[in-house]
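Please read the points below with the model open beside you.

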Amino acid sequence: MANTTSSVLTPASDGYNQSRQRYFNARIPDIEPMEIHMPTTTSEVVTVMKSSQARHLKVGVRSGGHLFSCASLVEKGLLIDTHLLNKDVKYDAATRIAAFSPGHTVQELATAFGAIGRFFPWGHNRGVGVGGFLLAGGQGCFGRGWGYTSDSWITQLEVVTAAGEVVLCSKTENEELFWAAPGSGRGFFGVVTRIWARTIPERRLFDTTIILDSTDIFKPLLKWVLETSEKVPKYGVDLFFLTFRSDMDEPGDGDGDKSDPARIMFVINETVYADSLEEAKVLASPWDQLPDEFVKFQVQRVPVLERTWEDLWTLQDRFQPQGKRWNVDSIMTDPKASNDAIIEAITPALYELPSRLTTGTVCPLDYYPDERNQALSLPQKCYVSAMNAWENPVLDEKMDGWIRGVFKKAATVSCGIYVADLNERQRAAPVMTSLAMQKWLQIRAKWDPEETFIGYRAFLLPTLDHDNTAAGA
């Protein structure tokens, strides 16, 4: 392997601060890595890792920069930015397996796959980096039927270890490393440099949307939505329920606490991956008829229409604009919790929205992974999150207090958190089952005994009971 060196920035370099701040969240921690490396090849990553070992430096890794906590920033350590790494897509028509980079964004990958008529379940946001997405397990498109993307779609990973060695891992080679990767998220103890994934033929995209003013009917509407979602077929269907304030698009900044009036709008969206409009209409038919008591609250209904990925990304961009100040939290609902208990616990996070840009989300998943197969192991009936955004730094403390408060209540029906949403400055929560975490920690200690990668430390904070506030509060 050639002894090459990646592009590197130091605090004295032009462009250092711009690169340091390359995150979706404009709320960047005051942390300065000693160096930011932007490798283009696996061999350059090897050189960086061997240098970090020789100098006893800690390392963070960034792909798309969508981790809201910006946990890849390590004070006086190294940041490896993979957005230029191995930027080619190779497709084997015989095996139907594609190889690509952790630095590819969803949009880049979808464009490349579209050119060859293939698909695999990438993330929903165009700017998400595939490396971080897959290490979190991958809440990919149409996951209700296909599960998380890491589970059955990823066939092999190339990893540069903490010691600077290049290894391939799969279910038959370096199996324990392959087991440990999905669900690791920020805690992974190596640098993923190439990914191999199973693909299927590209199909057509459709969606339908209903928007209701839920202000006066919120809990009964949410109950009907959850019950109806159980009647929707799972394969090739995404369900996405979102709440937002009626004054979201009013002129001025997004920090307004009050409006006259501020109504809570409820979006029911179903996206379908199908071969025909007729098939899509059948898959979306459970939403054809609203109960009589909700009809007068309907604001808009968009029938089943064919869409493009660009259409879906543009819609998401509207509700999740880049460059705002964000704090985000989520729960995976406990499968043993009743719908009534879930509704009572999550309503504040979805309904009491503190800024014009804040949204709440519920995504039925019905995903029950096996801890014997992968570290990603929490049962996931529904994913519930609040995406809290504002613009004025003066409001940081207030907004942090809001999200701590509403998720203190939501945690009463939770079995854990999606690892990509974990922020130790807000609260502690499980990211794996206890048995999976024990096994994962043993594997981590074997592959990174000197703790070159320290993101996993956030997993070790005490999981708080429901009577305590967030860690460090």
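1. Strands β17 (residues 359-367) and β18 (residues 380-390) run antiparallel and are joined by seven bridges. Strands are DSSP runs of E with at least two residues, helices are runs of H or I with at least four, and both are numbered from the N terminus. Two strands pair if DSSP finds at least two bridges between them. P364 stands opposite C382 in β18.

2. This is a predicted model: local features need pLDDT of at least 70 and side-chain atom pairs pLDDT 80 or more, while totals for chains, interfaces and linings use all residues. Residues are numbered from 1 along each chain, and side-chain values use heavy atoms, without hydrogens and water.

3. The open sheet has eight strands in the order β15-β12-β14-β13-β17-β18-β16-β19, paired antiparallel. β15 (298-307) and β19 (414-416) each have a single partner strand, so one side of each lacks a neighbour in the sheet.

4. Helix α13 (residues 396-410) packs on the sheet, touching β16 (325-333), β18 and β19; contact means heavy atoms within 4.5 Å.

5. F113 and F120 form a tilted aromatic pair, 5.9 Å centre to centre with 45° between the planes. Rings of Phe, Tyr and Trp (its six-membered ring) pair if their centres lie within 6.5 Å; planes under 30 degrees apart are stacked, over 60 edge-to-face, and the rest tilted. F113 counts as buried at 0% relative accessibility, and F120 is buried with a relative accessible area of 0%. Buried means under 20% relative accessible area, exposed over 50%, partly exposed in between (1.4 Å probe, protein chains only).

Methods:
Axes are lines fitted to C-alpha atoms, for helices over the stretch in contact, and angles run from 0 to 180 degrees between N-to-C directions.
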